[in-house]
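Colleague: I'm new to this one. Can you walk me through a few parts of it?
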Amino acid sequence: MKTERVLPDVSEADVVLIGAGIMSATLGMMLKLLQPDLRITVLERLDEAAAESSDAWNNAGTGHAAFCELNYTPEKADGSIETAKAISISESFEISRQFWSYLIQENQVNLSNSFIKSIPHMSFVWGDDNVNYLRKRHAALTACHLFEGMEYSEDVEVLKSWMPLVMEGRDLLEKVAATRMELGTDVNFGALTRCMLEQLGKMEGVNLYFGYDVRKLRQRPDNRWSVRIRHRETHTKHKVRGSFVFIGAGGGSLPLLLKSGIPEGNGFGGFPVSGQWLKCINPAVIEQHHAKVYGKASVGSPPMSVPHLDTRFINGKRELLFGPYAGFTTKFLKNGSFFDLPLSLKVNNLHPMLAAGIKNIPLTQYLIDQVRQSPDERVEALRHYYPEARSEDWELEVAGQRVQVIKKDPKHGGVLEFGTEIVSGANGSLAALLGASPGASTAVSIMINLLHRCFPVKMQSAAWQQKMKQMIPSYGESLADDPVLLRKVRSWTSEVLGLQNIVDSKV
């Protein structure tokens, strides 16, 4: 979607959202519902919404609920499984489902169940050590009701019925295991983002402008922000003034945070990682797989590179992808500049970035090896998950960019983070979202956190509290601690979103 409007030389807003992706769309919709008289301006450098990290081809689209992503449940030194992150992410996805269901039920967006579909989430491993790990992971996770219904099997015949492509042609003497969660979903975050922004654009006081680069961010003496922008084609210059600025520009957030000059942004750097998929072009093969099958990441690889054989629904068409294959680039955005990384180097973040680089040499070597891979080597990696794969059935598709966060650390100088992080000014007038996974799936929880941080007084008001409870029925309560509440909201969201329900999965 694209909204055409003439931008005046100087315009005024209460809220300025930089980047027309899932984060800005979520925050904009929440703020407008909480306070309908807010004036909101959305600025996007490209000609359409959700064309970078939120786009279906650039986003994993798993509906990250920690059902199948093994990197969220590491094995500790004592052999036990750490589940805290998985539980937190799973609960966050349930919160996202509630918000989307509210939007649909209240006719706030023109959404159908086309943006989200039920698809089993599976974890698959081979080898004695990995099988033992998965068995322990299953036991640890199913102790929490968020993972009720997760199945585990080492039986070859059972696994053949779950994922025939994965088992076809496999050595039957090899020890294998898998878990299956029928409640998994596939989410087209690009479609969801465009639907929300389209609705926002129809609301009084909301303006969406595409094709504008943000050149400068400056805080005025009255604490309002002046955002200087330039049209990418006509080069006309404009200013947008706002009381609150959110930088939700994916990989482009770091350079904009640095331009803001807020002290809280000092010391932050970014390490860009690119990605590619192998895309199946044989319809007969695509029809044989109906699951998201995740494995274990290679040693030294970033979380975004966890291999998966992934059924997707993109633009109304069923697709089958494998990957992603990681690579290195100095671009922070798929449509960015090769100068993004060098221009992000500043006096205050040079030491953290060098320190993190020295401590992550295995990651650097991994990325070099990935870049040097031949087409045959990529297909060979695919054959670990689909032994009968033929190279002629697959073609390479460029995926999105991710910028992993590098931050100051008093002990190590600098550390590389693989999650997401909100950086906000002391007075709450500006906030930026840095990082990647699990990102889009937990967007609603991330934005709730931002609202508490940047709008603390309003978030404590009776009006906002009441509205938050309407939008997210579990707001203020813990789904991880209350199985009855979880079943209630999961049943409701499953019905509204047209998804498999936990009760149905037991029939």
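Colleague: Which way does helix 2 pass helix 16, in a left-handed or right-handed crossing?
Modeller: Left-handed. The near helix is turned anticlockwise from the far one by less than a right angle; clockwise would be right-handed. Helices here are DSSP runs of H or I with at least four residues, strands are E runs of at least two, and both are numbered from the N terminus.

Colleague: What kind of model is it?
Modeller: A predicted one, where local features need pLDDT of at least 70 and side-chain atom pairs pLDDT 80 or more, while totals for chains, interfaces and linings use all residues. Residues are numbered from 1 along each chain, and side-chain values use heavy atoms, without hydrogens and water.

Colleague: Back to the crossing. At what angle do the axes of helix 2 and helix 16 cross?
Modeller: Roughly 50°, and the axes come within 9 Å. Axes are lines fitted to C-alpha atoms over the stretch in contact, with angles from 0 to 180 degrees between N-to-C directions.

Colleague: And which residues make that contact?
Modeller: Among them are Glu 94, Arg 97 and Trp 100 of helix 2, and Leu 486, Arg 490 and Trp 492 of helix 16. Contact means heavy atoms within 4.5 Å.

Colleague: How about helix 13? At what angle does helix 2 pack with it?
Modeller: About 90°, with the axes 7 Å apart.

Colleague: New topic. In what sense do strand 19 and strand 20 pair?
Modeller: Antiparallel, over five bridges. Pairing takes at least two DSSP bridges. Val 423 has Ala 432 in strand 20 as its bridge partner.

Colleague: What lies between the two strands?
Modeller: Five residues, in a hairpin. Gly 428 in the turn has a positive phi of about 75°.
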